[in-house]
Amino acid sequence: MTIDRRTLLAGLAAAPALAAARAQPSGGTAPFLPSDIGALKRVLMHSVVATDRGGDRLDGNLLPYAESDMEAMVAQQAGLVALLKANGAEVVEVKDALATAIAATRKSGVFAAWLEASFPLLGADPDSVTADTILGRDPRVRNRLGPDGNWRHFADDNNGSMMWTRDSAIMTPGGLVMGRSVSLRRRRENHLLRFCYQHSPLLTRYPVIFDAMEEGIGLEGGDFTVVDRNTIFLGNGNRTDPRIAPLLAQRLNMDVLAVQTVKRDFIRPAKLGSAAQMLELQLLLLHLDTYFTLVGPRHALTVPYLLEKEFAETSPLARYIRGARAQNLLEEDEAEKGLTMLKEFGRVTLYRAGSGKREDLGDAKLVDHLKGQGYRFTWVGGARPAGDQAAYEAFMERAYPELRRQASNIVQARPGRVIAYAGNPATKAALEADGIAVDTFPARELWAWHGGPHCLTQPLERQ
């Protein structure tokens, strides 16, 4: 049996609605994920293997990246998996989901049509393609020379960022939201995970209720926090398009509190190979979960100063940039871009459930707004000392290094207990002082890629 591309695309477009009709909880059935702070019961992960390196030609580099100690990374990620299982969570692997999706669709021809559309270089011989082939782990397509004696590009490396499964899709109280990366390289992850959710017996019970791929608008899961059954916090402006916030409020029937990272009307894909000094600041504050996560009801772990309007122009990072600019250590225009970003960083706008109507909250930043709702905060780097000099020293010597090591990027295993990277002692002590138990694991090779335990996990079910 063969399926043409038009039939395939029609089937893929209908699949989310069919899944919702099939899997939508009925009556008083509890949601799969009522919030991001319940006991984690089931989670999707992509565990790396030692051969996951190089070969990706969508990254724009002259030569493939090979600086990671892959053996160490494998061991470190395994530490997270062990902690998740010890806390009672079932771990579903992307490789297993992909393999079962292929098995379920190979005979019908759906797999061959999907492969041709999503990974055309592998489409000539679909019967020989396995999950390992698509994931860049098949020795037949790794480091092969062509007839001319030069390297032949058969398959991209789909493992450089796929381990950050949080970004490709997000579970909400009503069902699954599929993401759409602004990066063309990472958008392959969206295609692959959507195929798995549509066809893998391990995942088809989860209804897709919003598909950013179909909407054609950028959304990455690291910017998405489910607060409760009625509320979402959504980072935007860096990796998630600001235009998606009212759409989510309408479609999910949930209030969306949008948190500005960089002020933009919309996001264009970055040009390959483009880099500037501002990139460091944007990587530091890449997603919402790199500077803000929930650790309990109305209790957040977050970066000090940057999310309060009182410090919009006097935060330690602003003081650093102005000083470096005055001493000609930074380009003038790059320094101004950074100072403008920090001044406006963290401003919030509320979009109302159902209507998507915008409510202007003035110049309030995230922490200002949440203080009015009775939130308490644990600060990355620990308690904030009084006085400008002491506060600056504490931030630059404790908070800033630990923020770079993804100290705020944690995942809750169960109420009152979180999983975090080792190597952030000040933040760990601050959490424990605030009544939160912290399980840690070594992660030097992981945090260097600008992600943490929150990014490495895609929760499917919580209680």
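Visitor: Which residue stands opposite L350 in strand 12?
Guide: E359 stands opposite L350. A word on the model first. It is predicted, so residues are numbered from 1 along each chain as its sequence is written, local features need pLDDT of at least 70, and side-chain atom pairs count only at pLDDT 80 or more. Totals for chains, interfaces and linings use all residues, while side-chain values use heavy atoms, with hydrogens and water left out.

Visitor: OK. How many bridges join strand 11 to strand 12?
Guide: Four. Strand 11 covers residues 347-351, strand 12 covers residues 358-365, and the two run antiparallel. Two strands pair if DSSP finds at least two bridges between them. Helices (H or I, at least four residues) and strands (E, at least two) are DSSP runs, numbered from the N terminus.

Visitor: What do strand 11 and strand 12 form?
Guide: A hairpin, with six residues between the strands. G354 sits in the turn and has a positive phi of about 85°.

Visitor: Where else does phi turn positive?
Guide: Y305 is one place, with phi near 75°. Q406 is another, with phi near 65°. Neither is a glycine. Most residues other than glycine have a negative phi.

Visitor: Is Y305 buried or exposed?
Guide: Buried, at a relative accessible area of 7%. Buried means under 20% relative accessible area, exposed over 50%, and partly exposed in between (1.4 Å probe, protein chains only). Y305 is in the loop between strand 10 (299-302) and helix 10 (316-326).

Visitor: And where is Q406?
Guide: In the loop between helix 13 and strand 14. Q406 counts as buried too, at 3% relative accessibility.

Visitor: What about N409?
Guide: N409 is also in the loop between helix 13 (388-404) and strand 14 (411-414). N409 is buried, with a relative accessible area of 0%. Its side chain reaches the backbone nitrogen of C455 at 3.4 Å.

Visitor: Which residues does N409 touch?
Guide: Leaving out residues up to four places away in sequence, N409 touches D289, T290, T293, G451, G452, P453, H454 and C455. Contact means heavy atoms within 4.5 Å.

Visitor: New topic. How far apart are the C-alpha atoms of M45 and L456?
Guide: 6.6 Å, although the residues are 411 apart along the chain. M45 lies in strand 1 (residues 40-45) and is buried at 0% relative accessible area. Beyond its neighbours within four places in sequence, its contacts include L80, V92, T165 and L456.

Visitor: Why is strand 8 called largely enclosed?
Guide: Because six of its six residues are buried. Both faces are covered: D255, L257 and V259 on one side, V256, A258 and Q260 on the other. Strand 8 also pairs with strand 7 (residues 231-236) in the parallel sense, over six bridges. I232 stands opposite V256 there.

Visitor: How many cavities of 30 Å³ or more turn up?
Guide: Four, in a search of the whole structure. On a 1 Å grid over the protein atoms alone, a cavity is a set of points where a 1.4 Å probe fits but cannot get out, and a pocket is an open set with protein on both sides within 12 Å along at least five of seven lines; lining residues have an atom within 4 Å of a point. Grid points are joined across faces, edges and corners, and a volume is the space filled by probe spheres set on the points.

Visitor: What lines the largest cavity?
Guide: D36, T225, T293, L294, I410, V411, Q412, H454 and R462. About 70 Å³ of space lies inside.

Visitor: And the second largest pocket?
Guide: Its volume is about 430 Å³. It has 21 lining residues, and Q260, K263, T349, Y351 and R358 are the closest to its centre. Helix 8 (244-252), strand 8 (255-260), strand 11 and strand 12 each supply at least two lining residues.

Conventions. A polar contact is a pair of N or O atoms within 3.5 Å; within protein, one must be able to donate a hydrogen and the other to accept it, and residues adjacent in sequence count only if both atoms are side-chain atoms.
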